[in-house]
Amino acid sequence: MNQGDADHPTVLFVDDEVSLVALARFALERAGWELISAYNGAQALEIFEQQHERIDVVVLDLILPGISGDELLDRMAAIDDSVPIVIASGMDAHRIAEIIGRRTPHFVHKPFSLMSLPASLNAALSRAAAF
């Protein structure tokens, strides 16, 4: 885990759907997470460059305005590859694998439930801590 508060891990949630970000904020804050939101790739990259040391996990949609999620994945890894990135998409897992290759094992299918999102992020943190 990065420099975030162990009792309140920090997630950078990147999605251009405002209602989905609001749902994620509700679900994650109820589960004890701190959420930083970004609505496009450029905004996400700027936040990540400045705050990657306090971000414990990133949730990233692949289809974003401006910098694509695929490109953003590479650029974030170049800054700090210790931060797990969870791809959030409505595409099936095989299509995701075609787009991003083997760069991230973490995936949450959209639409997600209020219970599944915190569980998915906790699992990503646990897998990252094992390495």
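Analyst: Let's start with polar contacts: a pair of N or O atoms within 3.5 Å, where, within protein, one must be able to donate a hydrogen and the other to accept it, and residues adjacent in sequence count only if both atoms are side-chain atoms. This is a predicted model, where local features need pLDDT of at least 70 and side-chain atom pairs count only at pLDDT 80 or more, while totals for chains, interfaces and linings use all residues. Residues are numbered from 1 along each chain as its sequence is written, and side-chain values use heavy atoms, with hydrogens and water left out.

User: Which residue caps the N-terminal end of H2?

Analyst: Helices (H or I, at least four residues) and strands (E, at least two) are DSSP runs, numbered from the N terminus. Here Asn40 does the capping, with a side-chain oxygen 3.1 Å from the backbone nitrogen of Ala42.

User: Which residues of H2 are buried?

Analyst: Buried means under 20% relative accessible area, exposed over 50%, partly exposed in between (1.4 Å probe, protein chains only). In H2, that gives you Gly41, Ala44, Leu45, Ile47 and Phe48. They sit on the same side of H2, because their arc around the axis is only 165°; the arc is that of the directions from the helix axis to the C-beta atoms. Contact means heavy atoms within 4.5 Å, and the buried residues of H2 pack against E1, strand E2 (34–38), E3 and H3.

User: And which are buried in helix H3?

Analyst: H3 spans residues 69–79, and its buried residues are Gly69, Leu72, Leu73 and Met76. These cover an arc of only 105°, so they too lie on the same side of H3. Their packing partners are strand E1 (10–14), helix H2 (41–51), strand E3 (57–61), strand E4 (85–89) and helix H4 (93–100).

User: Is Ser89 buried or exposed?

Analyst: Ser89 is in strand E4 and is buried, at 3% relative accessible area. Leaving aside neighbours within four places in sequence, Ser89 contacts Ile96, Phe107, Val108, His109 and Lys110.
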